[in-house]
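Try each task before you read its solution.

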Amino acid sequence: MKHGFVKVAAASCDIRVADVDYNTEQICRMIDETTEAGAKVVVFPELCITGYTCGDLFTQDVLLKRARKALWKIADYTKEKDALVFVGVPLAVEGELYNTAAALNRGKILGLTTKTFLPNYGEFYEMRQFREGPREVREIEFGGEKIPFGPQILFVSGQMEDLIVSAEICEDVWSPVPPSIQAAREGATIIVNCSASDETIGKAAYRKSLIEGQSARLIAGYVYANAGEGESTTDLVFGGHNMIAENGTTLAEGERFRNGAIYSEIDIQRVISERRKNTTFQTEKTRKLVRVPFQVEMTDTFLTREFPSRPFVPDSSEEREKRCEEILIIQAMGLKKRLAHTHAQSAVVGISGGLDSTLALLVTAKAFDMLKMDRKRIIAVTMPCFGTTDRTYSNACTMAVRLGAQLREVQLAESVTMHFRDIGHDMNDHSVTYENAQARERTQVLMDISNQENGMVIGTGDMSELALGWATYNGDHMSMYGVNASVPKTLVRHLVRYYADTLEDKELQAVLYDVLDTPVSPELLPPEDGQIAQKTEDLVGPYELHDFFLYYFLRFGYEPDKIYRIARLAFEGEYEKETIYKWLETFCRRFFTQQFKRSCLPDGPKVGTVALSPRGDWRMPSDACASVWLKNLEQ
């Protein structure tokens, strides 16, 4: 369970209605299969020992006695199994019959969770046979032992303090106030559901959204095991629709109408991290629920869940297009408000022919259209200097003209050379002073033009650059409104491509496509044979890696060794582990040392769940040390 990953399983095994012995054999066989696969929490369907569809056979004492013996047999079978197992069983207690989920561990019955809400509508008539469970847990005598009996029992791992499991049964999660709410408020990080939900048209989609929604609401893992083939088909059909979800996302989903087990790994550390950050998730200050310890060994969990290598970019082209359109609107709406509020008569954008300035210009044009302002009031300034290539210069100029902006050109070589003379810097010394002097001169030009034109300088820097500090302090680091401030580099590329794909202007489209093919570069060093000599990703590392690191570092608070572990999975076949390690180390070091640049960022619109604004999502002292994170990665 290293890094908080706990493997879980939802299992629908073959059963025969009312054939307890056969069902017991099948459950034990499935316990073998799931525990051999490494599952630490295994969940079976509702009333699986007898079958859910026994009807009035539940009133037969012979069936209930057999089910009780079977439960002890299955419990004993778990003696050598390293898992917490939940099975559904009908249980007669003090003359009344209850629908329960028994928690089994190391040969013992740890607790009997009762069903709180009994459906008695449509095809369901559970109140005919069963009674609602008690409102509070009590102990009952069961096989010579005292066992907790009731709702919302918390099963707490003795080896991993945040692994706390609680069960509910089928209809409970469909109710207005599911029992799992209180369980989560008192610390449950995994909710399991022993269910028997039949299949009707459209129900599967609703069921999936329900489980995803509940896991999101509770910021928890949710393991849902549903009755499958083998139940009676007199009036209903059951499809074994098993699901494993985590905080609103389905991690694994079984194929309907086919019995078997599904597996995934719930990230307990991620759940806890999300709860800490979410101030509306209110934990119960006074413990009311019964807590029962269970034992599972601490082992390395083999990961089967997938981690997208580009977490900021949706895999689906349809979803990606929707995301791009929404982001462009958010960016433009933010700029629109700022321009209107400041009564700006123009917008000044420094254009280099690179991705970031291209996106900033496109967003500015969109904002001007929203304000019904003439695009001629967009002043696109190209500032060629020592590192500018013909390709980027040409693209920048063509783009500005095709968008209807006012193109201005300011040659910087003379002013920067004069500045070098003023400060006594050798022109042949291509150190950081050589580079940054150009970046700061460009910013001065933009600021002064905006004063001339009663305008506003639109920032071009993106979130990935801010994370790494890959910006010249008081150079391209500064603007009057940064439209790209919360857009990661991997997403900038898709936003520009989406914009290009929707154009009717083929000349502008061709320019945007060429910008997409141009290596990322600040173009501050002289070209080599007319080609870009300074490629950002050669110096600082691939942006797809850094965006991956940034996402999991900020969004979920993962420690570096955990990020390294999942990055090796996500980028398998794309990057060697040594390469991932090298750039992750760079990320950790630069993220800490460059905070001072983020502490004084211009305003800019937040577009996603991860942002670096010092006024909102990320507040960090500029002199914090990275040593703990670097040591964690090294170890």
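Helices (H or I, at least four residues) and strands (E, at least two) are DSSP runs, numbered from the N terminus. This is a predicted model, in which local features need pLDDT of at least 70 and side-chain atom pairs count only at pLDDT 80 or more, while totals for chains, interfaces and linings use all residues. Residues are numbered from 1 along each chain as its sequence is written, and side-chain values use heavy atoms, with hydrogens and water left out.

**Exercise 1.** Find the strand that holds Ser 12, then work out what its side chain makes a polar contact with.

*Solution.* Start with the strand: Ser 12 belongs to E1, residues 5-12. Next, check burial, which means under 20% relative accessible area, with over 50% exposed and partly exposed in between (1.4 Å probe, protein chains only). Ser 12 has a relative accessible area of 2%, so it is buried. Now look for a polar contact (a pair of N or O atoms within 3.5 Å; within protein, one must be able to donate a hydrogen and the other to accept it, and residues adjacent in sequence count only if both atoms are side-chain atoms). The partner is the side chain of Asn 242, at 3.1 Å. Finally, list contacts, meaning heavy atoms within 4.5 Å. Beyond neighbours within four places in sequence, those of Ser 12 include Met 30, Pro 45 and Asn 259.

**Exercise 2.** Is Ile 211 buried or exposed, and which residues does Ile 211 touch?

*Solution.* First, locate Ile 211 in helix H4, residues 203-218. Its relative accessible area is 1%, so Ile 211 is buried. Then, not counting residues up to four places away in sequence, Ile 211 touches Val 173, Tyr 222, Tyr 224, Met 243 and Ala 245.

**Exercise 3.** Describe the largest nonpolar core, and then the surroundings of Tyr 552.

*Solution.* A nonpolar core is a set of buried Ala, Val, Leu, Ile, Met, Phe, Trp, Tyr and Cys residues joined through side-chain atoms within 4.5 Å. The largest has 88 residues, and Tyr 552 is one of those with the most contacts inside it, as are Leu 512 and Phe 548. Leaving out residues up to four places away in sequence, Tyr 552 touches Phe 307, Pro 308, Pro 311, Gly 557, Tyr 558, Ile 563 and Ile 566. Apart from this core lies another, of 48 residues, including Val 20 and Ile 74.

**Exercise 4.** How many helices and strands does the chain have, and what share of its residues is buried?

*Solution.* Count the elements: there are 19 helices and 20 strands. Then take burial: of the 635 residues in the chain, 57% are buried.
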